[in-house]
Amino acid sequence: MELDTTALVGVLDRVGAVAFAISGVQAGVRRNFDVFGLWVMGLVTATGGGVMRDVILDRQPLVLARPDYLLWATGGAVFAMALAWRGRPYPRAVVTIAETGGLGAFAVAGALAAINAGEGWSGALLMAILTATGGGVIRDLLADRVPLVLHSEVNATAAGLGGLATWAAYDVSSSAATLLGLSVAALVRAAGVAFDLHLPRPRRPGRGRPTG
Amino acid sequence: MELDTTALVGVLDRVGAVAFAISGVQAGVRRNFDVFGLWVMGLVTATGGGVMRDVILDRQPLVLARPDYLLWATGGAVFAMALAWRGRPYPRAVVTIAETGGLGAFAVAGALAAINAGEGWSGALLMAILTATGGGVIRDLLADRVPLVLHSEVNATAAGLGGLATWAAYDVSSSAATLLGLSVAALVRAAGVAFDLHLPRPRRPGRGRPTG
Amino acid sequence: MELDTTALVGVLDRVGAVAFAISGVQAGVRRNFDVFGLWVMGLVTATGGGVMRDVILDRQPLVLARPDYLLWATGGAVFAMALAWRGRPYPRAVVTIAETGGLGAFAVAGALAAINAGEGWSGALLMAILTATGGGVIRDLLADRVPLVLHSEVNATAAGLGGLATWAAYDVSSSAATLLGLSVAALVRAAGVAFDLHLPRPRRPGRGRPTG
């Protein structure tokens, strides 16, 4: 019996879209964006990485091909705006768990898109990272701050390892590759959050602490 | 008799390119960019939204297909640079009117491109917004400021409503759709400027005024 | 005998990728990025201009088609990180020379890509500038600073002139066009660095010095 891993990725993808949209709205609220700006922040954080991947791989962007992504991202954005309006705190634990599943799904989706486009390990690596972290980079650029992923998250490492695992196991079976990639990316991210892991960085003379 | 609405959009498109180029140069002058930087600011503000739309819809970018756009944008940039050099004020009223017509033309052009690519209402909505506001977002990123459209303009709302109107009326006739979309986008924008309308935004506790 | 100018551009392209990657890491070290962030900075500075060009011209991005670019950029990034870790100064003179050759190669590669895609002089001009300076613009956006090329470098002027020269000489022979474009771009850049040339800019009343 073959597990229906495509459906699993499809579900986690949408869970990720909701969670990423929430993080986009959070960044926008800090900048006092209006409701349109907040909706854009939710939308591009949820879909920007996938759109860049599809443009580079010359495919129709998923958000146009499957308009329900637009609705999931809009739902996440509206939820986050409602919380902001009432001054309620974000459900941090739930969002972190949703982001972790979403990161795994985005990494696997990116790697599979590269493999289907005939790319090798380097394409799978780059597209997994771009899909999983590209939306957050656009979010941070629009909010005029240095992208978090470049200085304080392990998300990109998690996505890259997940993408490589997907590529490596793809010859065995695409279901196995999907499950392995999902698990690797999600576990690395979860470990990063749980143990507050950070990648090393060079320190410049005369400056003790990071600026990020 | 069918109105030649294609020609109307073509004229307003170029009027918009000139007006958008002027706004790009204005943002660059504030940052003391050199003449090349100012020309780039004019060019990407005028054409950046359309290039992103065409890349996403997998069409040849209009600025390459019709090089006269390059000349109109360059003309607007040179005009704005000449004013900056002589310390003369920008003709604000004329530029605002030109921007309003341009916004309508850009929104309709974006929606029509999406419809011609087989997209539905969500594609028409997104591409109208992207075409009309994408150049301004790139302008603001290059000038290292938070994009205006996310916190203080109604431009995106105007473009989105114009795009939806274009989509809704397209089955009647493409001329009617063009005129309707143009009018909706331009009127919403004009009302926004005339009455200083802003979209609502959540306020965070402990902070009374927007940061934008 | 026809000179093998394709091989010459290929070599200089890779020299440029290494030098551009080093400049990306330098910008990231100033922001205290971690090792992943620094690798990304190296990679996008070296390849971002070419990826944007290929996406606009609807070609497969070179970094996916020829994965050795990834390795050259990674090599440059690792070298720059090693210097940063040990607190050693960057070999400024060597990097400047490598950047000058790379700028010429990137400008010629951009112009040739536009010519091969059937574009005219305006496409060759825009694609030469985009290829040679696009990576640096992304680098500066990620490091949250105003792009250098817009206010204090002659790189874009050099790339644009090189692109136009390539286009103008292409009907004679593609080898001649390559050599001419390379020489024009590299010489203008070298003169700009040697004589500290800057393009003129308008000054605003009440402000004496540039903000860049």
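Which residue forms a salt bridge with A:D140? Select A:R139: the closest N and O atoms of A:D140 and A:R139 are 2.9 Å apart. Keep in mind that this is a predicted model. Are the two partners buried or exposed? A:D140 is buried, because its relative accessibility is 1% and buried means under 20%. A:R139 is buried too, with a relative accessible area of 9%.

**Stop 1: a link between two helices of chain B**

Select B:R189 and B:E99. They form a salt bridge, with the closest N and O atoms 3.3 Å apart. This pair links distant parts of the chain, 90 residues apart. B:R189 sits in helix α8 (residues 174–194) of chain B, and B:E99 in helix α5 (residues 92–116) of chain B. Check the burial next. B:R189 counts as buried at 8% relative accessibility. B:E99 counts as buried at 15%.

**Stop 2: C:D54 and what surrounds it**

Go to chain C and select C:D54, which lies in helix α2 of that chain. Its side chain meets that of C:R59 in a salt bridge (3.0 Å, N to O). In chain A, salt bridges that share partners join A:R53, A:D54 and A:R59 into one network. Return to C:D54 and show its contacts. Leaving aside neighbours within four places in sequence, C:D54 touches C:R59, C:Q60, C:P61 and C:L62.

Why can such pairs form? Side chains of opposite charge can pair when their charged atoms come close. How many salt bridges are there over all chains? The count comes to 18.

**Stop 3: helix α7 of chain A**

Select residues 155–169 of chain A. This is helix α7, with 15 residues. From its first C-alpha to its last it reaches 21 Å, close to the 21 Å expected at 1.5 Å a residue. Now colour its buried residues: A:N155, A:A156, A:A158, A:A159, A:G160, A:G162, A:G163, A:A165, A:T166 and A:A169. What covers them? The cover includes α5 (92–116), α6 (121–142) and α8 (174–194) of chain A. It also includes α2 (35–56) of chain C.

**Stop 4: a nonpolar patch**

Switch to a surface view and select A:L71, B:W121 and B:W167. Together they make a nonpolar surface patch of about 330 Å². B:W121 belongs to helix α6 (residues 121–142) of chain B. B:W121 is partly exposed, with a relative accessible area of 41%.

**Stop 5: annotated spans of chain A**

Finish with the record. An unreviewed UniProt entry annotates "transmembrane region" over residues 6–29, 36–57, 69–86, 93–115, 121–142 and 176–199 of chain A. Select residues 69–86 of chain A: the span is 100% helix and 0% strand, with its end C-alpha atoms 26 Å apart. Residues 93–115 of chain A are 100% helix and 0% strand, with end C-alpha atoms 33 Å apart.

The unreviewed UniProt entry also carries "domain: Glycine transporter" over residues 11–83 and 97–169 of chain A. Residues 11–83 of chain A are 85% helix and 0% strand, and their end C-alpha atoms lie 24 Å apart. Residues 97–169 of chain A are 78% helix and 0% strand, with 25 Å between the end C-alpha atoms.

Definitions and conventions: Residues numbered from 1 in each chain as written. Chains lettered and ligands numbered in written order. Predicted model: local features only at pLDDT ≥ 70, side-chain atom pairs only at ≥ 80, totals over all residues. Heavy atoms only, no water. UniProt positions renumbered as here; feature names shortened; annotations may be inferred. Helix = DSSP H or I, 4+ residues; strand = E, 2+ residues; numbered from the N terminus. Patch = residues over 30% accessible without salt bridge, like charges linked within 9 Å, V, L, I, M, F, W, Y side chains within 5 Å. Areas by Shrake-Rupley, 256 points an atom, 1.4 Å probe, with all protein chains shown as cover. Salt bridge = Lys/Arg side-chain N within 4 Å of Asp/Glu carboxyl O. Buried < 20%, exposed > 50% of the residue type's maximum accessible area, 1.4 Å probe, protein only. Expected span 1.5 Å × (residues − 1). Contact = heavy atoms within 4.5 Å.
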